[in-house]
Amino acid sequence: MSDATRHAAEHNPDDFAVQIADQVESFLVAVTEVAKGDEPASAVPFLLLEVSQLLLAGGRLGAHEDIVPDERYEPDPGPEPDVDELRENLARLLEPIDVYSEVFDPYEPRKAPVPARISDDLADVITDLRHGMAHYRAGRTSEALWWWQFSYFSNWGSTASAVLRALQSVLIHVRLNQPLEELNGLDTDQADLGDDTLEFEAGQVMAEEIAGPLGLGGEAK
């Protein structure tokens, strides 16, 4: 039985591949909807929820034994869908908090944080996930799982984790009434930013300035 036939015949909700694909599909659909900007008041909480759920799928892939695809060479999944419009829409939607700082490897001592953008990172994650989804929809289930697992380790897992921390931090600042400092001058084009520089350039964007537009209202108890 071919991989495509197995995929059609075994669409069992208890199957590992089906569960991972469903979580990936849910993330792709949800982030695309958020990027349309129809519900800006719920953008950050909803993205936090979706990224958290995606990382559950990533954790399952990471804990799974190494997945070996049926074919030695990766079949061509076709042209990659363009994510520029989605990235730009997310950047406009999240403009007050889009730029954040991240340490790439917590096990590398004295590693300076670097600037990143939530919009860029989400678009990057979506590109990886869509690549695997193209294989899955074509019935190449083992290829899709291999790709999702490999790219989880090599890219989208750490990228989504960084986005999760950034989104969580925004909610923490607002819900606990801890004003954010301004991100004036902090940009992804800058390199070699140390802790002192990042702290200085954090400025004065107060929580109340971003809480309303992004639906992050809530009083500290």
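Of the 221 residues of the protein chain, 41% count as buried. The model is predicted. The chain holds 8 helices and 2 strands, and their order along the sequence is α-α-α-α-β-β-α-α-α-α. Among contacts in the chain with a separation of 6 or more, 75% join residues 24 or more positions apart.

**Nonpolar core**

- The largest nonpolar core is made up of 50 residues.
- Within this core, F27, L129 and W148 have the most contacts.
- Two or more residues of the core come from each of α2 (16–35), α3, α4 (84–93), α5 (118–137) and α6.
- Helix α6 is the element that gives the most to the core, with 13 residues.

**Surroundings of W148**

- When neighbours within four places in sequence are left aside, W148 is in contact with I20, A21, V24, L61, D128, L129, G132, M133, Y136 and W156.
- One of these contacts, L129, is listed with W148 among the residues that have the most contacts inside the largest nonpolar core.
- Another, L61, is one of the buried residues of α3.

**Helix α3**

- Helix α3 covers residues 43–63.
- Its 21 residues should span 30 Å at 1.5 Å a residue, and the end C-alpha atoms of α3 are 30 Å apart, so the two values agree.
- The buried residues of α3 are A43, V44, L47, L48, E50, V51, L54, L55, A57, G58 and L61.

**Crossing of α3 and α6**

- Helix α6 covers residues 141–175, and its axis comes within 8 Å of the axis of α3.
- The two axes cross at roughly 145°.
- This crossing of α3 and α6 is left-handed.
- The contact of α3 with α6 involves 19 nonpolar residues and 8 polar ones, with no charged residues.

**Residue Q178**

- Q178 is located in the loop that runs between α6 and α7 (195–200).
- Not counting residues up to four places away in sequence, Q178 touches I172 and H173.

Conventions
Residues are numbered from 1 along each chain as its sequence is written. This is a predicted model: local features need pLDDT of at least 70, side-chain atom pairs count only at pLDDT 80 or more; totals for chains, interfaces and linings use all residues. Side-chain values use heavy atoms; hydrogens and water are left out. Axes are lines fitted to C-alpha atoms, for helices over the stretch in contact, and angles run from 0 to 180 degrees between N-to-C directions. Helices (H or I, at least four residues) and strands (E, at least two) are DSSP runs, numbered from the N terminus. A crossing is left-handed if the near helix is turned anticlockwise from the far one by less than a right angle, and right-handed if clockwise. Ala, Val, Leu, Ile, Met, Phe, Trp, Tyr, Cys and Pro count as nonpolar, Asp, Glu, Lys and Arg as charged, and the others, Gly among them, as polar. The expected span of a helix is 1.5 Å times one less than its number of residues. Buried means under 20% relative accessible area, exposed over 50%, partly exposed in between (1.4 Å probe, protein chains only). A nonpolar core is a set of buried Ala, Val, Leu, Ile, Met, Phe, Trp, Tyr and Cys residues joined through side-chain atoms within 4.5 Å. Contact means heavy atoms within 4.5 Å.
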